[in-house]
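Reader: I would like to learn how to read a structure like this one. Could you walk me through it?

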Amino acid sequence: MSAPASRPRDDAPDALSVLNSVFGLPGFRGAQEQIVRHVTGGGNCLVLMPTGGGKSLCYQLPSLLREGCGIVVSPLIALMRDQVAGLLEAGVNAAVLNSTLTFAESSEVERRLLAGDLDVLYVAPERLLTPRCLNLLGQAKIALFAIDEAHCVSQWGHDFRPEYIGLSAIAERFPDVPRIALTATADEMTRKEIVARLGLDGAPSFVASFDRPNIRYEIVEKQNAPAQLKAFIEERHAGDAGIVYCLSRAKVEDTAVALTRAGIPALPYHAGLEPGVRARNQDRFINEDGVVIVATIAFGMGIDKPDVRFVAHLDLPKSIEAYYQETGRAGRDGKPSSAWMTYGLSDIVQQRRMIDESTGSDAFKRISIGKLDALVALAETAGCRRSRLLGYFGEDATSGNCGNCDNCLSPPQLRDGKVAAQKFLSCAYRTGQRFGAMHLIDVLVGRLTERVTQFGHDKLSVFGIGAELNEKQWRAVVRQLVAMGHLQADSEAFGALKLTESARGVLKGETEVMLREAPAGTRVRASRTRSRRGDLAPRAEGKPADAGLAATLRAWRSEIARKRNVPAYVVLHDATIDGIAAARPASLNDLRNIAGIGDKKLEHYGEELIALVRSAGT
Ligand code: ADP
Ligand code: ZN
């Protein structure tokens, strides 16, 4: 049985006017318009857009423009809940079907679907694939299927979800209903898997630029990570919501405690926490203003919070894909945000060890090592980080100077590092390629440690030949040699550094080695990513927001959000608050012109907002 094919509604209003009246937005962004038109017309497609790019509208609008209900498959309950809350706020008939509903609640949703009373229905994949649900969908009028986070079908990817594999049933059972698959993971292999599994052969792909211009990338050398993190938050993101990623549960706990002691409201999140605690911490992060969550990578997927102002990494992720996805959780709302990472040689060794000790096949390990190498190269580059990132995803890095990463803002000095490189490589070679960086540096600077004497390394010709650099500088040299691929951190012997094929060229003096100077202190201190809350001026609009009014509006928003038990951003986005605080609308008409105020919000909050603006004086 297959649903009767749906089509654009006869009385269909045009996309732009729905965008405006329902979502309160003045225009489309990038490829949105093309995608909306394509899907509304009944076409299948694949949408690749970065986080914050505006994927939701690509299926929400066609759901409203076509006959029947749009079915959105989404992997995470929290995400579904918040999306539905946002849609209801905008006056869209939205609902969800997942394991959190009682039987009576599910039956009511099912009834509404069959009665044609729903515009958008979010369904968990495992739920959708039950015979009961497939049958139900067979009887309903379906506008489209949207498969969000479509990369979850990829077995090679980092978010693989077995239940996504079964989604191929959609194309088989409902061949005439348009399918739109959406993801922020762009690599070629994943793309192909999505197309194959979801039956999208021949359908167009809409690929948006993956640039996130509002995110400032910054990677600093690890010295005292907790102190560095604290300084970063205090100096640049006081009072902001942010995510701090660590590899281990213990480190998550320790970091959350340390931040809390420093007066920064921080909560832990990892798989070892009791589910209730975990859910509560996540809710507080989403619903309250300015909470920092310290988490393992288990946290974040499906977190739709638009006003995360920073993502900090205290440990190295395992690939550029993972780094980009995690940092991408900052600044969905387009406002200035930071992606900050502290990393050191030990991080490379640790990640290497995790790969070597994993149970994956040799092919899998080889791919993993390649991915790690690419990330280390990003961390050590002296060039624009954004260009590197975009280049990695196959996008042309146009200017090579983005003006919004640490290397562009304060370009590192480069010097000829051939001699230093040769000294280090020969030291590793002469000691048998069995030692880690620490010992090799001891030998080079001529330190008579117990180990140095034990192995007789004080008798070698390389002993003490590197005294012109200090330990910190040598560490920078080592990291760069690893990043350039002349050295490899081998984890068979704990972090032993081995020469690679290309090291020969360096030792012979045939290969140039330019090294970046280890900067003296913390860099990029001068330019704060954003000013304090309140005096931030939305970049698009010329006028600065009125700080006092913005604070009043925020307080009002928190109150409403608490009463209605929805996240604050579901009531109004930060950008909308700032828009109001800048424009100080005096009438409902003026208010309606502010991005984020659609018909329903105007109806619900219009009078109150105008009164707040008025009472805030001039
Ligand atoms: P994604 O799902 O791609 O991560 P969302 O759909 O959540 O992104 O959109 C991210 C943010 O961008 C939201 O705050 C949304 O309101 C905003 N947005 C999306 N499209 C537009 C648009 N055309 N004009 C203005 N803001 C938009
Ligand atoms: Zn740059």
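**Reading the model, feature by feature**

Author: Let's begin with one residue: glutamine 488 counts as partly exposed because its relative accessibility is 38%. Buried means under 20% relative accessible area, exposed over 50%, and partly exposed in between (1.4 Å probe, protein chains only). Glutamine 488 sits in strand β15, residues 487-490. Helices (H or I, at least four residues) and strands (E, at least two) are DSSP runs, numbered from the N terminus.

Reader: What should I know about the model itself?

Author: This is a predicted model, where local features need pLDDT of at least 70, side-chain atom pairs count only at pLDDT 80 or more, and totals for chains, interfaces and linings use all residues. Residues are numbered from 1 along each chain as its sequence is written, chains are lettered from A and ligands numbered from 1 in the order in which they are written, and side-chain values use heavy atoms, with hydrogens and water left out.

Reader: Which residues come nearest to ligand 1?

Author: A residue is near a molecule or strand if one of its heavy atoms lies within 4 Å of it. Around ligand 1 there are 15 residues, and Gly52, Lys55, Ser56, Arg332 and His573 come nearest. Helix α3 (residues 55-65) gives the largest share of this shell, 3 residues.

Reader: How many residues of each class does the shell around ligand 1 have?

Author: For the classes, Ala, Val, Leu, Ile, Met, Phe, Trp, Tyr, Cys and Pro count as nonpolar, Asp, Glu, Lys and Arg as charged, and the others, Gly among them, as polar. The shell around ligand 1 has 8 polar, 4 nonpolar and 3 charged residues.

Reader: Which atoms lie 2.5 Å from an oxygen atom of ligand 1, and in which side chain?

Author: Polar contacts are the idea here: a pair of N or O atoms within 3.5 Å; within protein, one must be able to donate a hydrogen and the other to accept it, and residues adjacent in sequence count only if both atoms are side-chain atoms. In the side chain of serine 56, an N or O atom is 2.5 Å from an oxygen atom of ligand 1. For glycine 52, a polar backbone atom is 2.6 Å from a ligand 1 oxygen. In the side chain of histidine 573, an N or O atom is 3.2 Å from an oxygen atom of ligand 1. Taken alone, ligand 1 exposes 560 Å², and the protein buries 82% of that. Such areas come from the Shrake-Rupley method with a 1.4 Å probe; for residues, only the protein chains shown count as cover.

Reader: Is aspartate 240 buried or exposed, and why?

Author: Aspartate 240 counts as buried because its relative accessibility is 3%. Aspartate 240 lies in the loop between α11 (225-236) and β9 (242-245), and its side chain makes a polar contact with the side chain of histidine 237 at 2.8 Å.

Reader: What is the phi of asparagine 565?

Author: Asparagine 565 is not a glycine, yet its phi is positive, about 60 degrees. This residue lies in the loop between α24 (547-564) and α25 (568-571), and asparagine 565 counts as exposed because its relative accessibility is 66%. Glutamine 433, also not a glycine, has a positive phi of about 55 degrees; glutamine 433 is in the loop between α19 (418-430) and α20 (437-445).
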